[in-house]
Amino acid sequence: MNLMKLYNRVPIFMQNIFTTAQGYLYKKERFGKVYYATLEELRARNYGDLQELREYQDALFTELVRHAAENSPFYREFYKNIDLSQVRTVADIEKLPRLPKETVRRNLPQMYTVAPESAIKSETGGTTGTAMRFYYTKRDRQRRMAYLDFFKMRHGFVPMKMRRASFNSSRIVPATQKAKVFWRTNRAIKQRIYSAFHVKNNNLRYYVENLNKFKPHSIDGYPSAIFEVANYILENNICLDFKPVAIFPTAETLLPHYREAMEKAFGCPVRDQYASSEGAPFIVECTAGRLHYCMDNGVIEFNADGQMLVSCFDTHATPLIRYEIGDKAFLAEEQSCACGCKMPVVDHIEGRVIDYVLTRSRGRFPAVFLSCKGVPGVRYAQFVQDRVDALLVKLVATEGSNHAETEKAIRKKFQYFLGEDMDIQVRFVEDVEKEPSGKFRYIINNVK
Ligand SMILES: [Zn+2]
């Protein structure tokens, strides 16, 4: 019998012990010596000194390029006509070829520099094509954990000392479970995991009751799930018995109306960050509420159309250099920030192309422009596009609302945006669908 089958058959208190035991294994892997040493390094760094940051970036960049050329069969071939002795600083980056996603997809096994058994696996979601498998060395994995935790520490959260509620896709609730217990506790790092799959309708009150008992110092995970809980708290005027130091969304695009509802319901700031499972330099929100790209964690080249080329210093097992990651970000016009950090300020990040609605006459609309804010009677919305000239808007209505009125308001708002040549269909549904991974997609774009 495998472990998952065994887990599903034991009582909930045993499942908590399993979760904690698993937590200790992860803790050893992720929070070891390198993790603590990296935290020290990050604490000591002078983020106000651009020259020092640049020198550090140059050193790590050339080290990564050399490492890739020496240890990865793919890069040996890819760089064979390039004089690498001429690549001395980040300013020389354009001497190296770009790395398209398709090239990575085709050559992935030749890119690895380590034996898969000795490395840590990370897979990209299958929603943007077939899943791709990347590896991390144990060292790089711990360094990434340190970057993430250092970001949280700057907002007042102390990892492993403070309680953390995580809304994620761990399959902690067996399909046959009858009890309304949608969480398990990982005592190894003071974390309670809340199933993102079950955050809906009649279950919401159990989540809120339990959060009130657990009193987390931070909440992290899928913003769509945390948003639903926030909405429930606001709709029912629930007074919480705790106030987290911050909420840290992961994995999905943080939409403006998510942020607003979460900050109001939990009475604390939402602090966003961007990273990706294949390995991209972190982009993190600072205490002044702006996004900085961590130039001590990699190089991001910002193209005029927003497409990022990423080179990440924690990708020694599967080196990524000038990788066309498929996400967009734009540098801010105003580069100075009140927080004192001199790392470049990013205006905003846009998700993958799949997070757009396409129009014939008006171009692309990312999710942030498709908020249903101000439309009466909308509880949740989801946009599904199968053709460039048609859009299906699925709506979960609030109780007792007037469907006809809601539909009219939706049409009025979006017809204006998306153009008269867009055929907008509105459908009221009981529930919006989630993906097998538990992620919620605000826009499902099937236009090829
Ligand atoms: Zn700042």
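**Close-up views of a predicted two-domain model**

**View 1. Two salt bridges are found across the interface of domain 1 and domain 2.** The model shown here, as in every view below, is predicted. The domain assignment places domain 1 at residues 28–352 and domain 2 at residues 354–445, and their C-alpha centres are 28 Å apart. Where they meet, 28 residues of domain 1 are in contact with 22 residues of domain 2. Together the two domains bury about 2,100 Å², with 48% of that area on carbon and sulfur atoms.

View 2. Cysteine 286 sits in the loop between strands S9 (283–285) and S10 (291–293), while cysteine 337 is in the loop between strands S13 (323–331) and S14 (345–350), 51 residues apart. Both are buried: cysteine 286 has a relative accessible area of 8%, and cysteine 337 has 12%.

**View 3. Aspartate 220 and arginine 164 form a salt bridge.** Their closest N and O atoms are 2.8 Å apart. The pair joins distant parts of the chain, with aspartate 220 in strand S6 (residues 218–221) and arginine 164 in strand S3 (residues 164–168), 56 residues apart. Aspartate 220 is buried at 6% relative accessibility, and arginine 164 is also buried, at 18%.

**View 4. Arginine 271 meets glutamate 285 in a salt bridge.** The N to O distance is 3.0 Å. Arginine 271 lies in the loop between helix H10 (256–266) and strand S8 (273–274) and glutamate 285 in strand S9, so this pair ties together parts 14 residues apart in sequence. Here too both partners are buried, arginine 271 at 13% relative accessibility and glutamate 285 with a relative accessible area of 4%.

**View 5. Arginine 387 and aspartate 389 pair through their side chains.** This salt bridge spans 3.0 Å from N to O. Arginine 387 is partly exposed, with a relative accessible area of 48%, and aspartate 389 is partly exposed at 23%.

**View 6. Six charged residues are linked in a network of salt bridges.** Look for Glu41, Arg45, Arg143, Arg144, Asp296 and Asp314. The structure as a whole holds 23 salt bridges.

Technical notes
Residues are numbered from 1 along each chain as its sequence is written. This is a predicted model: local features need pLDDT of at least 70, side-chain atom pairs count only at pLDDT 80 or more; totals for chains, interfaces and linings use all residues. Side-chain values use heavy atoms; hydrogens and water are left out. Helices (H or I, at least four residues) and strands (E, at least two) are DSSP runs, numbered from the N terminus. Buried means under 20% relative accessible area, exposed over 50%, partly exposed in between (1.4 Å probe, protein chains only). Domain bounds come from an automatic or database domain assignment. Contact means heavy atoms within 4.5 Å. Buried area is the accessible area (1.4 Å probe) that two parts lose on being put together, summed over both. A salt bridge is a side-chain nitrogen of Lys or Arg within 4 Å of a carboxyl oxygen of Asp or Glu.
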